[in-house]
Amino acid sequence: MPRETVARINLDSLRHNFHIARERAGGARAMAVVKADGYGHGIERVARALAGETDHYAVACLEEAVALREAGLTQPVLLMQGVHQASDLSLCDAEDFIVVVHHEHQVEWLESGGARPRVWLKVNSGMNRLGFAPGEVAAVCQRLQRSGIRATGAMTHFACADDETSDRTAEQTALFDEATAPLGSIDRSVANSAAHFRPGQRMFDWTRPGIMLYGSSPMLGHHGPELGLKSVMTLESRLIAIRDLAPGEAVGYGETWRATRPTVMGMVCAGYGDGYPRHAVNGTPVGVRGTRASLIGRVSMDMLAVDLTGVEGATVGDPVELWGPNIPIDEVAACAGTISYELLTGVTGRVPRMALESRPTGRMTGSES
Ligand SMILES: Cc1ncc(COP(=O)(O)O)c(C=O)c1O
C-alpha cells in the first residue's frame, strides 16, 4: 500500500539544472555535489541520473564516496573534508577518491604512510572553517612534494556568495588566486552554487554546484524558478479530512490559530515526522487544486491543517503540494525561518522517494524506493 506522503524526484529537472550550472560555469567544468544523500534526494539516484553529464562528484565524507562506488559509478570523487584517519588513505588511493587536505595532521598522515591518493589543498580564504592560511599553501605543497605527493588541485569555499551586496566573495577570490597562482598548473576550484549567479565571478577550473542542482535558489531573496532552475523534489501528500469551523474555533496543538470567519479546514497527512518544518508559520503556502491555500495552526508530527475556504471543490483524497514546482521550497523555508538545504535533507525515511523521468518516448515514468 503506497504512503499518501511521497517525495517525487524529477530527474529531468535535475539534469536541466546541471546544464544551467555548466553554462554558468563558462570554461570551467562542473562537479556535482551529492553529499548528504544527494541533498535528501537519494545519492545513488541523483549520481546515476547525472552520470552522463558530470565528470566528477563531490561529497563530504568517505562513506558517501563508497556509496557511489557501490552504486557502480566510476568517476573520480572529491572528498571535501578529506579523511578523518590515516588508515583511510589507501582506500582513497585504490578507489580514485581525491582527498582534500585542510590541516596539518592530514599532511603528517600523508608523509608517514605509503598511500599516494590524489590530493587537493584547501585554502582558508576567510571563511575560517577548514584550510591552510594563504601564506602557508606553497610550503604545504613543497612538504608533500618531498614525500612524493603532488597536490593536483586547490580549493576554497565562500562565506557570503549568496549575498549580492557583499564584497567578501571578491576578496576571498583574490586571496585564493594569489595563494595558488605560484603552484603552477593545478586544478583550482572556488564556486559553490551562489557563485554561478554572481556577475563577473572567476570560476577557475572546476565549479562545485550543490543546491542549484536540486532547483532551489542559492541567492538570498530569490526563488529557484526566478533563476531558471526547476524544482526537483515535490513533497506531496493528501487531504484526509475536511471540516467547517465556526468563528472562534481553533485548530491544532496550543490553539495557535483561531477562525475569525466561517472556515473550511482540511487536514493533510504529513507533518514534522515526514520532515515538514514544525516552525512553518500561519499563512505558509500549500498547493491544493491549483490554488495557494494557507497553513493554519501548529504542524503536528503526522498532520497539518490548511485553510481551504478559497479552494473550489476541495475533496478528501485530493493531492496537496507542500513544496515543488508550484510552491517554491525557498518560500516554505522562509516561512519556517530556515533554508531549503535543511528542508531537503530533513525529509525523513518514512517518505518514499518516487523517481520520475522521461523516456525517449517523451513520457514520464516513475520508480519507487
Ligand atoms: C566545500 C563545499 N563546496 C561546495 C558546496 C556546495 O554548496 P551549494 O550547495 O551552496 O552549492 C558545499 C556545500 O555546503 C561545500 O561545503
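**Contacts and overall build**

In the protein chain, 62% of the contacts with a separation of 6 or more join residues 24 or more positions apart; contact means heavy atoms within 4.5 Å. This is a predicted model, in which local features need pLDDT of at least 70, side-chain atom pairs count only at pLDDT 80 or more, and totals for chains, interfaces and linings use all residues. Residues are numbered from 1 along each chain as its sequence is written, and side-chain values use heavy atoms, with hydrogens and water left out.

**Size and burial**

- Of the 369 residues in the protein chain, 53% are buried, meaning under 20% relative accessible area with a 1.4 Å probe, protein chains only.

**Secondary structure and sheet**

- The protein chain has ten helices and 20 strands; these are DSSP runs, with helices (H or I) of at least four residues and strands (E) of at least two, numbered from the N terminus.
- Nine strands form an open sheet in the order 2-10-9-8-7-6-5-4-3, with parallel pairing; two strands pair if DSSP finds at least two bridges between them.
- Strand 2 (29-30) and strand 3 (32-33) each have a single partner strand and stand at the edges, so one side of each has no neighbour in the sheet.
- Strand 2 pairs with strand 10 (residues 206-207) in the parallel sense over two bridges.
- Arginine 29 has tryptophan 206 in strand 10 as its bridge partner.

Note on methods: Buried < 20%, exposed > 50% of the residue type's maximum accessible area, 1.4 Å probe, protein only.
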